[in-house]
Amino acid sequence: MIRGKVTGRIWSSKHIETLPNGGLLEVETDRGDKLVAFDPLGCAIDESVLITQGSVAAAYFTKLKAPIDALIVGSIDE
Amino acid sequence: MIRGKVTGRIWSSKHIETLPNGGLLEVETDRGDKLVAFDPLGCAIDESVLITQGSVAAAYFTKLKAPIDALIVGSIDE
Amino acid sequence: MIRGKVTGRIWSSKHIETLPNGGLLEVETDRGDKLVAFDPLGCAIDESVLITQGSVAAAYFTKLKAPIDALIVGSIDE
Amino acid sequence: MIRGKVTGRIWSSKHIETLPNGGLLEVETDRGDKLVAFDPLGCAIDESVLITQGSVAAAYFTKLKAPIDALIVGSIDE
Amino acid sequence: MIRGKVTGRIWSSKHIETLPNGGLLEVETDRGDKLVAFDPLGCAIDESVLITQGSVAAAYFTKLKAPIDALIVGSIDE
């Protein structure tokens, strides 16, 4: 997993059908990269989060084949 | 997922049989990298898009084992 | 796999349900990157460890679909 | 997928049994990285190709579990 | 796949149970990165090898779910 800090939120009105409803947060990682992660926890801007990537992230969704390759799995206690 | 901006389109007349019909767009990502993503949404040049990568991208195709490791999952509202 | 050195530990009180109980260690890799790996071995700060990444890391968990994409698989003899 | 240009060919007399017969081409990618991809299309030196990576590449092989994580899926029209 | 040169060997006395017996070699890749790959071929220091990564590497092991994300698939003829 990698650490990151939530920097924003994005919206996508035009999307493929299997994109799950829920928050898509922009995160800046420890490494200075930016990515967009699905947020099942309701995280806020500036919150420190733990992100898992790849097919492991998609496996969180059990009822649909969600096209999600980055998932916030926890908020980091500070 | 990562954000990117569509910069072009590519064509491949000589390809393996399982390459799905549809648009293959060149995208420049947030990180300055270039990649080629399958576009199921009909995106235009300069459009901001959200891209998922890896086996999660291939799972979008349910009838064939598509050799697609990057998929545009949405257009980003701006 | 990549080599790394344990540099810290993180806690996450607010997390998704499938995050397994157990240590989440911060590791600095050979390449200078930081990542957070699940530790099934009880490693200590400054210990040199071997880390596997991706869906291979999640496959270690047989009873649940753990959202773990980095796993400490061994401590390196020095 | 990523774009690349074929720069050479490699041979491996000593290999694991499941390595499929066929061309292994050295490719220099858009990003300046070098990788070795399996070539099912008979591409030539200096040809521009489209490469898919990861488990998606291995899924091309239906009869064996090929240890292939990079596959040329098409030649790019220019 | 990526090319690399074997630079050393590592041992891990304290490891998870599913780590397969066999050589764990340190390899320096074409890109200047270091990684540790499982070696089913008995490669020597300074040997040029071809490495596959990710879940494709783990699929080589048919009887156990090996936590191996990098596998030497061949020695490169030079």
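I began with polar contacts and found 14 residue pairs between chain C and chain A, both residues at pLDDT 80 or more. A polar contact here is a pair of N or O atoms within 3.5 Å, where within protein one must be able to donate a hydrogen and the other to accept it, and residues adjacent in sequence count only if both atoms are side-chain atoms.

I noted the ground rules: this is a predicted model, in which local features need pLDDT of at least 70, side-chain atom pairs count only at pLDDT 80 or more, and totals for chains, interfaces and linings use all residues. Residues are numbered from 1 along each chain as its sequence is written, chains are lettered from A in the order in which they are written, and side-chain values use heavy atoms, without hydrogens and water.

I looked up salt bridges (a side-chain nitrogen of Lys or Arg within 4 Å of a carboxyl oxygen of Asp or Glu) and found 3 between chain C and chain A. Glu47(A) and Lys14(C) form a salt bridge through their side chains, at 2.9 Å from N to O.

I then checked extent. Contact (heavy atoms within 4.5 Å) involves 27 residues of chain A and 26 of chain C. The buried area (accessible area, 1.4 Å probe, lost by two parts on being put together, summed over both) is about 1900 Å², with 57% from carbon and sulfur atoms. On the chain C side, Lys14(C), Ile16(C) and Asp69(C) lose the most area to chain A, together 32% of what that side buries.
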